[in-house]
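Here is my note on the model below. Please read it beside the sequence and the coordinates.

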Amino acid sequence: MIDELVARAEITDVLCRYAHAIDRGDRALARTCYHPDATDDHGRFSGTVDELFAFFELYGASLAGTWHFLGTPTIVVNGDRAEAETYCLYRKDPLEGEPLFQGLRYHDVFSRREDHWRIARRTVILDWEHTSPEPPAAPSPPTWKRGARGDADPAASLTRLLR
């Protein structure tokens with residue numbers, strides 16, 4: 001029972017680290033969530049993890065930012081293998097065009113190798129999407145701390161710790 005709880009905590013940590021890294025634009029940190037021979041079907045792209053991150057480099061250049069909000073994952077652990085389904089609210093803000101809001105699910109197969117849980121296979125499932133609503137009539141004042149990519153983000157110290 002303790003081993004399963006530890007596995008669930010480690011898998012959840014990988015899921016959260018991935019979302020944090022992608023939203024902060026730290027692809028090297030996001031890459032640590034996958035095994036080297038992993039595959040990913042991300043909707044716009046399907047292939048090896050190396051090809052995925054090459055795609056992310058190109059596609060990411062067209063985005064001002066992304067935002068992932070993960071639900072509690074459903075995880076089934078069986079020895080050194082696990083399957084997880086994680087609901088995700090995702091917003092992407094392109095440099096040109098309308099922001100898009102999507103309801104996704106990550107269906108992941110994890111494996112534990114050399115005592116580390118990582119994604120071995122990911123399938124992104126799109127349940128719904130729509131363009132984002134108009135900006136608020138009374139936007140928040142500039143005194144709010146604003147999210148950004150890289151070291152400009154107010155929580156950049158956490159990203160450095162996760163590395």
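1. E114 is exposed, with a relative accessible area of 77%. Exposed means over 50% relative accessible area, buried means under 20%, and partly exposed lies in between, with a 1.4 Å probe and protein chains only. E114 sits in the loop between strand 6 and strand 7. Its phi is positive, about 50 degrees, although E114 is not a glycine. D115 is found in the loop between strand 6 and strand 7. D115 also has a positive phi, about 65 degrees, and is not a glycine. D115 is exposed at 61% relative accessible area. For background, most residues other than glycine have a negative phi.

2. A word on the source. This is a predicted model, where local features need pLDDT of at least 70, side-chain atom pairs count only at pLDDT 80 or more, and totals for chains, interfaces and linings use all residues. Residues are numbered from 1 along each chain as its sequence is written, and side-chain values use heavy atoms, with hydrogens and water left out.

3. Helix 1 covers residues 2–23. Helices here are DSSP runs of H or I with at least four residues, strands are runs of E with at least two, and both are numbered from the N terminus. Buried residues of helix 1 include A7, I11, V14, L15 and Y18. R17, H20 and D23 are also among the buried residues of this helix. Just after helix 1, G25 takes a positive phi of about 75 degrees.

4. The largest nonpolar core has 29 residues. Such a core is a set of buried Ala, Val, Leu, Ile, Met, Phe, Trp, Tyr and Cys residues joined through side-chain atoms within 4.5 Å. I11, Y18, Y34, F53 and F110 touch the most other members. Two or more residues each come from helix 1, helix 2 (27–31), strand 1 (34–41), helix 3, strand 5, strand 6 and strand 7. Helix 1 gives the largest share of this core, 7 residues.

5. The largest pocket holds about 450 Å³ of space. On a 1 Å grid over the protein atoms alone, a pocket is an open set of points where a 1.4 Å probe fits, with protein on both sides within 12 Å along at least five of seven lines; lining residues have an atom within 4 Å of a point. The volume is the space filled by probe spheres set on the points, which are joined across faces, edges and corners. Of the 26 lining residues, H42, R44, F56, Y59 and Y90 are the closest to the pocket centre. Helix 1, helix 3 (49–60), strand 3 (63–70), strand 5 (81–94), strand 6 (100–113) and strand 7 (116–131) each supply at least two lining residues. The lining divides into 13 nonpolar, 7 polar and 6 charged residues. Here Ala, Val, Leu, Ile, Met, Phe, Trp, Tyr, Cys and Pro count as nonpolar, Asp, Glu, Lys and Arg as charged, and the others, Gly among them, as polar.

6. How many disulfides are there? The count is 0, with a disulfide taken as a pair of cysteine sulfur atoms within 2.5 Å. The closest cysteine sulfur to that of C33 is in C16, 9.7 Å away, so it is too far for a bond. The sulfur of C88 also has its closest cysteine sulfur in C16, at 11 Å, again too far for a bond. C33 is buried at 0% relative accessible area, and C88 is buried at 2%.

7. Three further positions deserve a look. V76 lies in strand 4 (residues 74–78) and is exposed at 55% relative accessible area. V76 and F110 are 34 residues apart in sequence and 10.0 Å apart in space, C-alpha to C-alpha. G79 is in the loop between strand 4 and strand 5. G79 is partly exposed, at 48%, and its C-alpha is 8.5 Å from that of R112, 33 residues away in sequence. D108, in strand 6, is buried with a relative accessible area of 0%.
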